[in-house]
Amino acid sequence: MATSKADEVFIDFSGIETRNSFVSHLSAAFRRRSVSVCLGGDCTDVATPRKTNEGCKVFVVVFSEDYALSKQCLDTLVEFLERKDDGLVIVPVYYGGVTESMVKEQTERFGVAFTQHQNNYSHDQVAKWRDCLIQTASLPGHELNLQQEDSEFVEKIVADVREVLDATGKIGIYSRLLEIEKLLCKQSLKFYYLGLWGMPGIGKTTIAEAAFKQMSKDFDASFFVEDFHKEYHKGRPYKLREEHLKKVPKGGSIRGPILSFKELREKKVLFVLDDVRNLMDFESFLGGIEGVSPGSVIILTSRDKQVLHQCQVEDVFEVPSLNEEEAVRLFARTAFHKEGPSDAKLMDVSKKVARYAGGNPKALCFYGRELEKKKKPEEMEEEFEKMRQCPPQEILSLFRSSYDALNDNERSIFLDIACFFNGEPCDDVMRILEGCGFFPHVGIDRLAERSLLTISKEKRVEMQGFIQDAAREFINQTSRRRRLWEPSRIRLLLENDKSKGNEVIEGIFLDTTELTFDVNPKAFENMYNLRLLKIYSTNSETAQELRLTEELRSLPYELRLLHWEKYPLQSLPQDFDTRHLVELNMPYSQLQSLCVGTKSLAKLKMINLSHSQKLLEVDELAKACNLEKIDLQGCTSLKSIPHTDRLKNLQFLNLSGCTSIKRTEATKKIKGMNQEGYLRETTFESMVFEYSVKESS
């Protein structure tokens, strides 16, 4: 079967049934996307000399149950594998119950086929076929699962192959276009609004351009406005509108050099506005668009989900980050000018950069260009660490406008998360920030809508590494820093009692891993605005203790979070006012008592004094009427606990390992909880109590 060298894809398969069903749908899908296809298969006229397409760029091999029975198919596979080093891309497709392992290990029908081949062909020939199947099954491919429709399976294969054929080298575009097409299939007869949403640099513009090129031929008129926000605010919105309405569509029926909205009436129109940041700008530019023909579409891209909702989009497509395989490919293509790293060490560096950039294409390309000249993995890692510690202007500029648009409340939350709470449970972060007087339930949602952070499936607040470092650099660029996290800087501060400017400091998080020094007893005296203090270790094996040769003179009045692992003193400072304290977290401390005198604990919601083996009493907790969680695990000297009848919000009490507390004592002190709630789980052996408050009927 002779074929044209212009064909881009060669599909090989076995069986007339496969050709008339799956393969016919696959080839039709390619042709709908203007991809030329040549069909192989063993169902052609065997009397006709068969030649594979030497000019094709992609070889799609469809492994069905009877594939290995066909000598013709196996010979074709051998022929194409020999061309793999010349740039040919081979895409294995597993169809009709066939799996990758079945092909690789030649089991089931593939095993039956090779039993027959061993009787009919030479040992070398059979071995070559086996090796080719193993090689092919080791390549990235597509396997049909039981829950997947054939049509969806076909479109994913086509998206993958189109990416390979794209001369621009874009990665991940066509799989995302496929998702957009699915949304557009829901389009009603009216004017349809679709929003593309995601963080700066994620590829919204690139995808919008690709969608525009693919869709514009189906409309009477089509218009694309790139960087809409910037263009609109040059001060000539009406001129901008006229410029984009001058375009005469191919094959359209509109005549004349200028297309007014009046002339667009009853025409099917496609509008794409890239980077919309303001509802009023959008309405001003597209005023009067209601008169266009049913079936018209407008696509908006924005980094702010709320703006898209204000513009009344019907569906919002969240542009996903590149997955790790895609991200490594993009970085390698930029840094090494090849599809993948050449050795294991370079692969490790590539994965490190990919994870740090969070699959953001613009960031990956930037880091790739910056590291391109570094030939050794060690040099690349060193340069990358420099960029992490001092993010370059190109990275900062990605998020500067989003950062500048935040109000004071949102900015405070954003910077606290970037400096201190990235990766922490959302409920814990909410509790502390709420105690600081912020409005985290609204603020965190807005930051997520602005693509500056996400809430994971595990309900943790997560911020991409390069966004976090950009936020920290914004702090470094200010004249007076309010948040501190670098151990070296904090050490100098806590060792010195004469530091100036400490009154502006709001947060200190000190990792004491492999770090120990003497804390000056007056270190916190002038930190009047300190809200957050955390002294901890990320590695318990190398954790160190901060030394206090004298009693601390004071702790700040504004503290909401006091987290000090291995606190070295027997008590808190006498004048420490706890009225604002929301969380007290002091595991493995030397505390003997929690003595706050007449001071209030009304705002305290969580206390953790676990493994404080010298702790004798915690009677003060009876004053903390808003406590939700008490962890006293491993406090072996503790003999009693306060009555919990006043702790109406208590959800968790851990007394496991408190060997000096008697069971009768625990039962007596907790029975009051049964009046307002019920004991969900009680294990006296482990002394862990969890409470679930009854819902009102």
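This is a predicted model: local features need pLDDT of at least 70, side-chain atom pairs count only at pLDDT 80 or more; totals for chains, interfaces and linings use all residues.
Residues are numbered from 1 along each chain, and side-chain values use heavy atoms, without hydrogens and water. Local features need pLDDT of at least 70 and side-chain atom pairs pLDDT 80 or more, whereas totals for chains, interfaces and linings use all residues.

The pocket is lined by 33 residues, of which Pro 140, Asp 160, Glu 163, Glu 325 and Arg 329 are the closest to its centre; lining residues have an atom within 4 Å of a point. Helix H6 (150–165) is among the elements that supply at least two lining residues each, and with six residues H6 gives the largest share. By class, the lining holds 12 nonpolar, seven polar and 14 charged residues, with Asp, Glu, Lys and Arg counted as charged.

Elsewhere in the description, the axes of helix H4 (residues 109–120) and helix H5 (residues 123–137), which are lines fitted to C-alpha atoms over the stretch in contact, come within 10 Å and cross at roughly 160°. The two helices are therefore roughly antiparallel, a term for angles over 145 degrees. Their contact (heavy atoms within 4.5 Å) involves Phe 110, Phe 114, His 117 and Gln 118 of H4 and Val 126, Trp 129, Arg 130 and Leu 133 of H5, and these residues comprise five nonpolar, two polar and one charged.

Definitions and conventions: Axes are lines fitted to C-alpha atoms, for helices over the stretch in contact, and angles run from 0 to 180 degrees between N-to-C directions. Helices (H or I, at least four residues) and strands (E, at least two) are DSSP runs, numbered from the N terminus. Angles under 35 degrees count as roughly parallel, over 145 as roughly antiparallel, 65 to 115 as roughly perpendicular and the rest as oblique. On a 1 Å grid over the protein atoms alone, a cavity is a set of points where a 1.4 Å probe fits but cannot get out, and a pocket is an open set with protein on both sides within 12 Å along at least five of seven lines; lining residues have an atom within 4 Å of a point.
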